[in-house]
Structures are given as structure tokens and as C-alpha cells.
Amino acid sequence: MINRVEHQRDLKPRRLVGDTAYGTAALLGWMVEEKQIEPHVSVWDKTTRKDNTFSRSEFIWNEQANEYRCPAGNALRSDWRSFGNPRTHVTKADTIVYRASQMDCDGCSMKDRCCPNTQFRKVVRSIHEAARDEARRIAATPEYKQSRRQRKKVEMLFAHLKRILKLDRLRLRGPNGAHDEFLMAATAQNLRRMAKWLMPEGKQTNQAAT
Ligand code: SF4
């Protein structure tokens, strides 16, 4: 939809507000890197470990050196030796795996809290991690809180359409049918809201009694 509106009307939003379903690495990469749209979206993040071992957030990223530093201060790299033909190391899942040196891990006092079941620790980084970091940065701002409040207002209207006006599925077929049905439901919803707004509940009761 954003591409279509941009193409047809030369309009593009400055920010995009959505729930975690929009917070995947690929979507955030598209918003930030390709469209330069501010992502007011929670990041889809499954890297927090629940078994009391170090999560990825405990490893410090160094952009210039292209490496992580583990809690013991040792490096995790995507390549430990140079190749004649430089490799990108990007996996099919659009990630790069950073590995600790087995020598470092063998003698490490924190191994039980880091990688108790493997010989050395690996950390997976998305190729869109910079976009994910941008979304994390925005999530800590007052503007994000404001976006979240605005999103709730819009989502409540959709929830109302589904539950009260029974628009949980479309009955008319094709794009025109969907357009007409949605327009009718939105009109009915607006009329209801207008009636409530023009005649608050107390006033309705008083008038019914007279
Ligand atoms: S086990 Fe390896 S990666 Fe983990 S803290 Fe120790 S040296 Fe670092």
C-alpha cells in the first residue's frame, strides 16, 4: 500500500506505527533502509534466553571491528581467517553468525553461564540489525508513546467493527464488494459515534423518561 500511494500520489509517511507483527527484521530493514520511514514498531526479538545463560544483549557490538565482545571481553567474529575470495557469510535467513574462539571458551570461567552445551559460543546477527537498533532507539522516546496511544484509538475502532458490527469477515466478493461492505460498516460506525457524541447517555435517558 505504501509503495502504491507513493507511486500514484508521490506521498510517503514519515513514520509507520504498528504492532510486533510489523517488527520483523526484514520489514524494519525495508522501512528504515529502503524507505527512510521511522519505525514506531516493537522489535520482533527472540534472542532473550530463559535458561539463565547469557542472552545476546549481553554481547557488545563493535561496528568498526565487525565483531561482538562477550562478557569476558573476548571477540566473536564471522571469520577468523582471511579468504582469497572475500565472503559475505550471510545465511539464507539473512543473518551472519559470529563465533567465539574455542581456545577462549575452553579456559573461560563463565562457560557454564554462556555455552554449557557447546564448545564455543555463537551469536546470530541480522543483516538488518541497524534498522532493529533504530526501532529500539525510537521505542524509548516520548514520540513512540504518543504513537502507541494513537494506534490504540485506531485499533479500538477496528475491534468495534469486528465485534459489535460483526465485520469479522467480508460477505461480498471481490475488491469492489470488500470496498462497499467496508464503507457501509464504517458509515454505520460513524453514525453511531455521531449519535452518541450529539446525545450523551444521560441526556438520552432523560428524554426517554419525558
Ligand atoms: S564462554 Fe567464550 S564467549 Fe562465553 S564469556 Fe567465555 S570466552 Fe566469552
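**Note on the predicted model: sheet, helix packing and domains**

1. Strand 4 (residues 67–69) and strand 5 (residues 75–77) are paired antiparallel through 3 bridges. Strands here are DSSP runs of E with at least two residues, helices are runs of H or I with at least four residues, and both are numbered from the N terminus. Two strands count as paired if DSSP finds at least two bridges between them. Within this pair, arginine 69 has alanine 75 of strand 5 as its bridge partner.

2. The model is predicted, so local features require pLDDT of at least 70 and side-chain atom pairs count only at pLDDT 80 or more, whereas totals for chains, interfaces and linings use all residues. Residues are numbered from 1 along each chain as its sequence is written, and side-chain values use heavy atoms, with hydrogens and water left out.

3. The pair belongs to an open sheet of 5 strands, ordered 3-4-5-6-7 with antiparallel pairing. Strand 3 (60–62) and strand 7 (122–126) form the edges, each pairing on one side only. From one strand to the next, the twist averages 30 degrees.

4. Glutamate 67 is part of strand 4. With a relative accessibility of 5%, glutamate 67 counts as buried; buried means under 20% relative accessible area, exposed over 50%, and partly exposed in between, using a 1.4 Å probe and protein chains only. Leaving aside residues up to four places away in sequence, glutamate 67 touches Ile60, Trp61, Asn62, Ala75, Leu76, Arg77 and Tyr98. Contact means heavy atoms within 4.5 Å.

5. Strand 6 (residues 95–100) is largely enclosed by the rest of the structure, because 5 of its 6 residues are buried. Strand 5 and strand 6 run antiparallel and are joined by 2 bridges, with arginine 77 opposite arginine 99 of strand 6. Strand 6 also pairs antiparallel with strand 7, over 5 bridges; here tyrosine 98 stands opposite valine 123 of strand 7.

6. Helix 2 (residues 25–34) and helix 5 (residues 129–139) have axes that come within 8 Å and cross at roughly 80 degrees. Axes are lines fitted to C-alpha atoms, for helices over the stretch in contact, and angles run from 0 to 180 degrees between N-to-C directions. Helix 2 and helix 5 are therefore roughly perpendicular; angles of 65 to 115 degrees are classed in this way, those under 35 as roughly parallel, those over 145 as roughly antiparallel and the rest as oblique. Among the contacting residues are Leu28 and Val32 of helix 2 and Ala131 and Ala135 of helix 5.

7. Which residues of helix 2 are buried? They are Ala25, Leu28, Gly29 and Met31. The buried residues of helix 2 pack against strand 1 (15–18), strand 2 (38–41), strand 7 and helix 5. After helix 2 comes glutamine 36, with a positive phi near 55 degrees.

8. Helix 6 (residues 142–163) and helix 7 (residues 174–198) pack at about 105 degrees, their axes 11 Å apart. The two helices, helix 6 and helix 7, are therefore roughly perpendicular to each other. Their contact includes Leu157 and Phe158 of helix 6 and Phe182 and Ala185 of helix 7.

9. The domain assignment, which is automatic or from a database, gives domain 1 (2–44 + 135–139), domain 2 (56–127) and domain 3 (148–200). The C-alpha centres of domain 2 and domain 3 are 50 Å apart.
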